[in-house]
Amino acid sequence: MLKDLKKIKFSKKYIASIPEENGVYIFFSGKKPLYVGKSVNLRNRVKSYKNINLSRKTFKMISETSHFSFIPVTSEIEALLLEAKLVKLLNTPYNIQLKDDKHPLYIRITNDKYPLVLTSRKINEKVSNLEYFGPFPSSTSVKKTLSIIRKIFPFSQHLPTKRACIYSQIGLCNPCPSEIEKLKTPIEYKRAKKEYDKNIKMVVKFLNGDIKFVQNSLKKDIKNYSKNEQFERASVTLKKLNAVQYITSPKTSVSFFLDNPNLLEDIKNEELKNLKLILSKYLIIKNLKRIECFDVAHLSGSFPTASMVTFINGVSEKKYYRHFKIRKGKINNDTKALTEVAKRRLNHIKDWGIPDLIIVDGGRGQVNSFSSVFNKINIPIIGLAKETDSIIIKNESKFISIKLKQCPALNLIQRLIDESHRFARRLHHKLINKELFKNA
């Protein structure tokens with residue numbers, strides 16, 4: 001539990017060791033918790049409090065802070081939900097005071113015939129609520145999260161009226177209570193009401209951080225719909241499942257982070273262990289401390305760029321990131337671009353360091369591009385064929401394709417690929433904008 005949370009001295013020396021990950025941080029005055037915050041980059045956020053230009057209230061809080069703790073998580077939404085749980089659990093004084101005396105935001109599920117999902121600055125104890133969540137220090141984050149959830153599990157914010165609301169027309173209030181009340185047959189009414197209640201149940205489970213329950217429920221529905229040949233409903237439910245997995249991947253219940261503040265480190269270790277186990281059957285893998293991933297971005301061959309991102313012990317380390325502007329100009333061939341990048345990377349083996357594994361975004365051609373350049377250096381090289389979630393390994397002169405089902409290793413590889421893709425596009429878009437302004 002939180003009593004096992006390590007308290008670290010609040011100094012620049014120790015702040016530098018914080019990972020650049022999603023997560024929450026807690027400031028302490030001795031043993032007393034003062035403030036809980038969240039960030040998509042823990043290191044940068046905590047480091048920002050050492051700046052001298054702080055507001056009066058923030059300066060007062062920092063002057064009282066002697067130690068801090070942090071809990072990395074796996075997504076921005078998980079950080080938001082964990083932040084709210086910790087604020088409520090620890091009753092931290094500065095989470096209220098730093099909001100200029102505004103009341104924090106709550107999410108409440110009303111105890112009506114058609115439960116509504118509403119936000120409120122106060123919780124009225126005299127009003128019966130089915131559930132309520134918070135306080136959430138950031139109203140913007142709450143509204144953003146509810147907007148995402150509503151697209152997956154539609155809910156209403158009004159009681160039945162004579163007409164269906166405008167949100168029912170865009171699928172955000174579906175089924176709409178006003179429409180349900182107009183249904184003439186008991187069977188139709190029961191089906192629609194059941195669907196509405198189930199959406200509310202999923203919203204509650206999601207806000208509680210029980211993502212696994214939500215996923216398992218959707219998987220069960222897909223199986224039942226398919227079994228009964230209700231393929232359209234199965235397809236809609238599959239889209240919901242994919243959306244939930246996308247915004248919360250990898251899947252971890254918020255309560256797990258409370259039980260084990262080191263959970264993210266455990267997850268990363270499990271990913272590395274799983275990947276090493278898979279690759280060791282075909283390649284010599286001594287360790288996976290440093291993994292580099294390469295990707296190419298271009299627009300029909302124009303403005304080609306490439307990226308190298310580096311993960312140390314499963315965590316991105318941006319100081320080792322590199323951009324490559326492809327020197328051969330317009331090139332509509334990823335394999336040729338990667339061959340150039342591989343040669344340039346090989347020239348920096350001594351000053352950039354030696355990776356334990358190289359991953360390229362692509363299949364046989366992309367893997368072969370790197371392998372042909374690194375043939376005299378014993379560095380394992382693999383690729384990821386995105387469409388099939390298969391890793392491509394070149395073992396001597398043969399290519400081996402391994403289909404990865406959802407597993408820790410796949411989570412790690414996809415995270416590397418996504419980060420390399422993002423970083424490659426960053427320079428690519430910069431070059432396009434530069435050309436557009438030059439010709440403007």
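1. Burial and overall make-up. Of the 440 residues in this predicted model, 49% count as buried. The accessible surface of the protein comes to about 23900 Å², and carbon and sulfur atoms account for 51% of that area. The secondary structure consists of 16 helices and 15 strands. Among contacts between residues at least 6 apart in sequence, 62% join residues at least 24 apart.

2. Nonpolar cores. The largest nonpolar core holds 51 residues, and within this core Leu82 and Phe153 touch the most other members. With neighbours within four places in sequence set aside, the contacts of Leu82 are Val24, Ile71, Val73, Val254, Phe257 and Leu258. There is also a second, separate core of 28 residues, with Leu272, Ile359, Ile402 and Ile413 among them.

3. Four strands make up an open sheet with antiparallel pairing, in the order 1-4-2-3. The edges are taken by strand 1 (8-9) and strand 3 (32-39); each has a single partner strand, so one side of each is left without a neighbour in the sheet. Strand 1 pairs with strand 4 (residues 67-72) in the antiparallel sense over two bridges. Lys9 has His67 of strand 4 as its bridge partner.

4. Strand 5 (residues 105-110) and strand 6 run antiparallel and are joined by four bridges. Arg108 stands opposite Leu118 of strand 6. Ser120 belongs to strand 6 (residues 117-120) and, at 16% relative accessibility, counts as buried because the cut-off for burial is under 20%. Beyond its neighbours within four places in sequence, Ser120 is in contact with Pro104, Leu105, Tyr106 and Arg108.

5. A nonpolar surface patch. Ile166, Tyr167 and Ile170 form a nonpolar patch on the surface, and together these residues have about 330 Å² of accessible area. Ile166 is placed in the loop between helix 6 (139-152) and helix 7 (177-182). Its relative accessibility of 59% makes Ile166 exposed.

6. Salt bridges within helices. The structure holds 11 salt bridges. One of them joins Glu64 to Lys60, with 2.8 Å between the closest N and O atoms. Both residues lie in helix 3 (residues 56-64), four residues apart, or about one turn of the helix. Glu64 is partly exposed at 28% relative accessible area, and Lys60 is partly exposed at 45%. In helix 8 (residues 186-207), Asp197 and Lys193 are likewise four residues apart, about one turn of the helix, and their salt bridge has its closest N and O atoms 2.9 Å apart. Here Asp197 is partly exposed at 32%, whereas Lys193 is buried at 14%.

7. A link between helices 8 and 9. Lys198 forms a salt bridge with Asp221, the closest N and O atoms being 2.6 Å apart. Lys198 lies in helix 8 and Asp221 in helix 9, so this pair ties together parts that are 23 residues apart in sequence. Lys198 is partly exposed, with a relative accessible area of 32%, while Asp221 counts as buried at 13%. Elsewhere, salt bridges that share partners join Arg290, Glu292 and Arg345 into one network.

8. Asn216. Helix 9 (residues 211-227) also contains Asn216, which is partly exposed with a relative accessible area of 40%. Asn216 and Leu241 are separated by 25 residues in sequence and by 9.1 Å in space, C-alpha to C-alpha.

Technical notes
Residues numbered from 1 in each chain as written. Predicted model: local features only at pLDDT ≥ 70, side-chain atom pairs only at ≥ 80, totals over all residues. Heavy atoms only, no water. Core = buried A, V, L, I, M, F, W, Y, C linked by side-chain atoms within 4.5 Å. Buried < 20%, exposed > 50% of the residue type's maximum accessible area, 1.4 Å probe, protein only. Contact = heavy atoms within 4.5 Å. Patch = residues over 30% accessible without salt bridge, like charges linked within 9 Å, V, L, I, M, F, W, Y side chains within 5 Å. Areas by Shrake-Rupley, 256 points an atom, 1.4 Å probe, with all protein chains shown as cover. Salt bridge = Lys/Arg side-chain N within 4 Å of Asp/Glu carboxyl O. Pairing = 2+ DSSP bridges.
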